[in-house]
Amino acid sequence: MEKSSSLKLFGSWASSYTHRVQLALKLKNIQFEYIEEDLSNKSEALLQFNPIYKKVPVLVHDDRPLVESVIILQYVDEVWNNRPILPTDPYERAVVRFWCHFADDKLGPAVGVVFASSGDVQKAAVDQVHENLALIERELREGYFKGRKFFGGDSIGLLDIVLGCGSYWLAVFEEVMTGVKLVDPEAFPLFHAWLREFESLDEVKETIPAVDKLLEYAKAVRAMLLGHCMGNTGVIETATPATAAASATTTASVPDITVDSS
Amino acid sequence: MVASAAVRLFGMWASPAVRRVEWALKLKGIEYEYIEEDLSNKSSSLLEFNPINKQVPVLVHNCNPIVESLVILEYIDETWKENPILPVDPLERAKARFWATFVDVKCREESRKAFFMEGEEKEKAIENLQVQLKALDEELEGKKFFSGDHIGYTDLAVGWMAFWLGVAEEAAGFKANYDVKFPNFSRWMKDFLAEPVIKDNLPPREKTVEFFRAFKQLGSCTKVNQK
């Protein structure tokens, strides 16, 4: 085991972006100190290490901060070359990077809107999520990742980590919001199968919080969101990944679920 | 030199994201075939190579399409090893990627708002942009370019601001006042635009201002500033 007392991870237990980094470090067998952040009352250390975005996760290696989960993952892969998470082929790396952006710029925000809204706005967001999942499904069925167990091949790689840590919210949200169906196994059989495989891995089970804990948290946030005054768009501005990312400081009153980091 | 048939770039003359890719190709001495796209009437090739975003730039190398300009830059650097544009050190690479994402997401968003909006929203966007420019200005302290003595990935990523920010200001009637408030950034803009690879690969200024003026009047969502 590689011990590094100079490696610290600032994170939040319910943040899928934090889970990405935890999972990567676990896969590579790298020891680190974990610091849980209260996102409604951020520590001086976090604000000092990430003054521009003020978000988790932040990885501090020998007192030097790394921010933004996908950037952190690439850094970790470049410093610790055991158990690689990025492919070696430049074209495959480009395809993986594209889909990581897709997950964070398209799918993630759409899921966020589903969770933060209701009525027509939510319905439109659900349609958007389905459109996005259909694109991923097609890629698995006939695109670059055709025939693979994971996006990384026989074992998980960067895209599995990015997409996987976040996708577990889909089932949780379906449970919290009755009548909302996000991942229909019949509509998205390959995506569904991939997610089941991902979630069955020991390292993933050890990283992602227990479903009942996630459910309890999601129910509380949803209740709070619906109790807040909704704007004209029918969407709570603070809760969506896209809008949370737009402001450097997250409002303290509504804790974010998947979104207080990047 | 690589045979031109193997490398094709689909682009649009006014797009900063497209120029970003051209700068990288030229820095590395890679020959390529350029295909100008009419974004109001996209070619079947473009739609075939980039069915998801349907945007430019798209780099096609040996029939494989690569999309999104920052992804393309990394692909170019990993495929053609001469004149590297990304640093070697992992921490420096992470910093380079950080600044690239910062300008592409944050600065672009505020610039877009300052460009399209009016009144209070415009003022707020300009204020936010200035906060961002201050961060970039501080990053440049003691350095000629973001990447050091020579231009590299970060400069190419931030580069659109050196030319298109001024264009946007003129077309939409606002001033971010970087020449007064952010001397490092202002100096970098001039030095960057003076670099031969950059200077010789910019769209004509007047034509670009006119284009963006019309674009603003159209108030349309057609994306010129592609990823």
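**Entry 1: confidence**

Over residues 231-262 of chain A, however, the pLDDT is below 50. That stretch still has 85 contacts in the model beyond near neighbours in sequence. I made myself a reminder here: where pLDDT is low, predicted coordinates should not be read in detail.

**Entry 2: where the chains meet**

Next I looked up the contact between the two chains. Chain A brings 28 residues to the contact, and chain B brings 25. How much area do chain B and chain A bury between them? I noted about 2,300 Å², with 64% of it on carbon and sulfur atoms.

Then I turned to the charged pairs. The rule finds five salt bridges across the interface of chain B and chain A. I picked out one of them to view: A:Arg97 and B:Glu74 join through their side chains, at 3.1 Å from N to O.

Which elements of chain B give two or more residues to the side that touches chain A? I listed strand E4 (64-67), helix H3 (69-79) and helix H4 (90-116). H4(B) gives the most, with 10 residues. Sorting the residues on this side of chain B by kind, I wrote down 14 nonpolar, seven charged and four polar.

**Entry 3: an annotated region**

An unreviewed UniProt entry lists residues 89-221 of chain A as "domain: GST C-terminal". In the model, this range of chain A is 74% helix and 0% strand.

I finished with the backbone, keeping one background point in mind: most peptide bonds are trans, and most residues other than glycine have a negative phi.

In chain A, the peptide bond from A:Val56 to A:Pro57 is cis, with omega near 0 degrees. I found A:Pro57 in the loop between helix H2 (44-49) and strand E3 (58-61) of chain A. Chain B has a cis peptide bond joining B:Val56 and B:Pro57, with omega about 0 degrees. B:Pro57 sits in the loop between helix H2 (44-49) and strand E3 (58-61) of chain B.

Where is A:Lys54? I located A:Lys54 in the loop between H2 and E3 of chain A. Although A:Lys54 is not a glycine, its phi is positive, at about 55 degrees.

Conventions: Residues are numbered from 1 along each chain as its sequence is written. Chains are lettered from A and ligands numbered from 1 in the order in which they are written. This is a predicted model: local features need pLDDT of at least 70, side-chain atom pairs count only at pLDDT 80 or more; totals for chains, interfaces and linings use all residues. Side-chain values use heavy atoms; hydrogens and water are left out. Contact means heavy atoms within 4.5 Å. Buried area is the accessible area (1.4 Å probe) that two parts lose on being put together, summed over both. A salt bridge is a side-chain nitrogen of Lys or Arg within 4 Å of a carboxyl oxygen of Asp or Glu. Helices (H or I, at least four residues) and strands (E, at least two) are DSSP runs, numbered from the N terminus. Ala, Val, Leu, Ile, Met, Phe, Trp, Tyr, Cys and Pro count as nonpolar, Asp, Glu, Lys and Arg as charged, and the others, Gly among them, as polar. pLDDT is the predictor's confidence in each residue, from 0 to 100. UniProt positions are given in the numbering used here, feature names are shortened, and annotations may be inferred rather than shown by experiment.
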